[in-house]
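This report is meant for a reader who has not seen this structure before.

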Amino acid sequence: MEYTDVAVIGAGLLGCFAARALAALDVHVTVLEAREDVCTGVSRANTAIVYTGCDTRPGTLKTELCVRANRDFDRLCRELDVRFSRCGSLMAAFGPRAEGVLKKKLDQGRENGVPGLELLGPAEIRAMEPNLSPDATLALYAPGTGTVGPWELCIAAFENARDNGADFRFSQEVRRLARSEGGFLLETDDNTYAAKVVINCAGLRADAVRELTERPAVRIFPTAADYLVLDDRLSGFVKHIIFHEPEEKGKGLTLVPTVDGALLAGPTERPRNTAPDWATSREGLEELRALCGRIVPGLPLSETIRSFAALRPNPWAVREENGQWARDGRSISSFTVLEEDGLISLIGIKTPGLTCAAALGEHVAAMAARILDDPGRNPRFDPRRRGITRVHDLNEAERADLVRRDPDYGQVVCRCRGVTLGEIEEAIRRGAVTLEGVKRRAGAGMGRCQGSRCAETVVKLLAEALGVPPWQVTKDGGAALVTGELHHKPDNGQKKAPRY
Ligand SMILES: Cc1cc2nc3c(=O)[nH]c(=O)nc-3n(C[C@H](O)[C@H](O)[C@H](O)COP(=O)(O)OP(=O)(O)OC[C@H]3O[C@@H](n4cnc5c(N)ncnc54)[C@H](O)[C@@H]3O)c2cc1C
């Protein structure tokens, strides 16, 4: 049995930021994650937007946290050495119904204290976004909207929490949770943990985790969404985040010029009666392409390099009906943070959960501190973390200096994104155990060829570092990529590959 003050269940954005905020207190924190790495759930597939708070109802916890989180985002990203682009957003209307929505959002945003909001007419829209359809009649400009890499942010929170003493345990799915004298017992397949406080950040499973000890109250009914990713050759095609407010009922299009230079289009809203899974749907992708054709008619969809699906953890209140738990009323739109005698559950935290992850982390850490009778601050807590080296972003002198110190940073392995052997080795040293883990940290495999040229080298490097044969290296914790020895000499940049 292991003892801890606070057990956090789940290492997505919310679990990692809860751990970071708890590490700033004088408490012992243990994070139990079912998977082999951080950021493998809802946090890995979303729209990557840092919202301002003009979309949410005044006076709610969601709005309060969102407005504050947006204001503090530059500081957070400086501390964690994470790329953040405050590119601003245009919410575009194409007719009278949507214009009405924009005017309401303007009033709501101003009431919420969101600075700089403005309504723009067609000429101003065209000057700011020449590639947007000329049919846009009005746009709500929000200069404070931004975009961040969700993986980068989650990994940064994890590393900073870990460096400040939070104890992360992977492949530890909590299967039993029981109340005991002075707290809780949490059982995984190979260990038992005793904790005074439990923070449940289990994402899509947060309802099931809570119900290990409590009666059902809120359940998650997931729906799926589809996205397209377009090559960074289109960098600059749109300069702001574009939200399309549809005239008819239904989902609009969102376009995000990401911090990596790619263009993200999505998400769709698949009907509630379709089984949600992480596979993309043909209908969803077709709908997205059709929307792109209408909203940004010149967008070359042939530059699509990837599609992916996301899952929305929609929370609903439930009531008992003939021995079954049925949905009650409407889907809950506010953030659901339940505190039940030392069990704090974040259930169904959807948009803007990425924006608010740090603020929510502080919120639940303050709740835990009250339960633990105010343990005081950790005097050694350091909020700063050094980002993973990005050779591509260095200037020539910095690059030359780095390569002199470690020649591996001069050998390009992922040619599409210019990621070097040194960066991949660093990603593995810092915790990547799968191909996706390397991709999320170093960006290898994110480009046009989607890893078809560098995957072999990455598998070899992972196998060496993990001390396993290549056929045990997995893409994302599931099935392995190769079924035998690697027969080809991997392209590790030693001969023909380009060098910096
Ligand atoms: C389609 C979509 C688009 C979005 N876009 C935006 C956006 O643009 N901006 C924004 O601000 N927000 C956005 N969000 C919201 C944001 O992505 C989420 O709020 C956030 O990622 C939720 O993180 P999480 O930590 O709760 O969940 P997850 O990332 O799913 O983490 C939960 C973790 O718990 C682990 N786990 C589950 N059960 C157990 C168990 N029994 N034991 C141990 N571990 C367990 C899982 O393995 C997982 O790692 C979007 C969400 C969706 C769905």
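In this predicted model, phenylalanine 335 is in contact with Leu61, Lys62, Leu65, Ile349, Lys350, Thr351, Pro352, Gly353, Cys356 and Leu360, leaving aside its neighbours within four places in sequence. Phenylalanine 335 lies in the loop between strand S20 (324–331) and strand S21 (336–340). Although it belongs to a loop, phenylalanine 335 is buried. Its C-alpha atom is separated by 42 Å from that of leucine 421, which is 86 residues apart from it along the chain.

Arginine 440 has its place in helix H11 (residues 435–442). Arginine 440 is buried. Neighbours within four places in sequence aside, arginine 440 is in contact with Cys39, Thr40, Arg44, Trp151, Ile155 and Asp476.

Each of these two contact lists includes a cysteine: Cys356 for phenylalanine 335 and Cys39 for arginine 440. The table gives the accessibility of these residues.

| Residue | Relative accessible area | State |
|---|---|---|
| Phenylalanine 335 | 8% | buried |
| Arginine 440 | 6% | buried |
| Cysteine 39 | 0% | buried |
| Cysteine 356 | 0% | buried |

How many disulfides does the structure hold? The number is 0. Cysteine 39 is in no disulfide, and the nearest cysteine sulfur, in cysteine 154, is 4.0 Å away. For cysteine 356, the closest cysteine sulfur is that of cysteine 66, at 4.5 Å, which is too far for a bond. The cut-off for a disulfide is a pair of cysteine sulfur atoms within 2.5 Å.

In helix H1 (residues 13–23), 11 of the 11 residues are buried, so H1 is largely enclosed by the rest of the structure. Among the buried residues of H1 are Phe17, Arg20 and Leu22.

In helix H9 (residues 396–405), the buried residues include Arg399, Leu402 and Val403. These residues cover an arc of only 95° around the axis, so they are on the same side of H9. An α-helix has 3.6 residues a turn, so residues three or four places apart point the same way. The face of H9 turned away from the buried side carries the exposed residues Ala397, Arg404 and Arg405. At the start of H9, a side-chain oxygen of asparagine 395 comes to within 3.2 Å of the backbone nitrogen of alanine 397.

Next come the sheets. An open sheet of 3 strands is ordered S3-S8-S4, and its pairing is antiparallel. Strand S3 (49–50) and strand S4 (84–85) are at the edges, each with a single partner strand, so one side of each has no neighbour in the sheet. S3 and strand S8 (residues 146–148) run antiparallel and are joined by 2 bridges. Valine 50 has glycine 146 in S8 as its bridge partner.

Another open sheet has 8 strands in the order S6-S7-S5-S15-S16-S17-S14-S18, with mixed pairing. At its edges are strand S6 (118–120) and strand S18 (304–312), each pairing on one side only. Direction ignored, neighbouring strands of this sheet are turned by 20° against each other on average. S6 pairs with strand S7 (residues 138–142) in the antiparallel sense, over 3 bridges. The bridge partner of leucine 120 in S7 is alanine 139. Helix H3 (residues 96–111) packs on this sheet and touches strand S5 (89–93), S6, S7 and strand S15 (241–245). The direction of H3 makes about 25° with that of S7.

Methods. Residues are numbered from 1 along each chain as its sequence is written. This is a predicted model: local features need pLDDT of at least 70, side-chain atom pairs count only at pLDDT 80 or more; totals for chains, interfaces and linings use all residues. Side-chain values use heavy atoms; hydrogens and water are left out. Two strands pair if DSSP finds at least two bridges between them. Helices (H or I, at least four residues) and strands (E, at least two) are DSSP runs, numbered from the N terminus. Buried means under 20% relative accessible area, exposed over 50%, partly exposed in between (1.4 Å probe, protein chains only). Contact means heavy atoms within 4.5 Å. The arc is that of the directions from the helix axis to the C-beta atoms. A polar contact is a pair of N or O atoms within 3.5 Å; within protein, one must be able to donate a hydrogen and the other to accept it, and residues adjacent in sequence count only if both atoms are side-chain atoms. Axes are lines fitted to C-alpha atoms, for helices over the stretch in contact, and angles run from 0 to 180 degrees between N-to-C directions.
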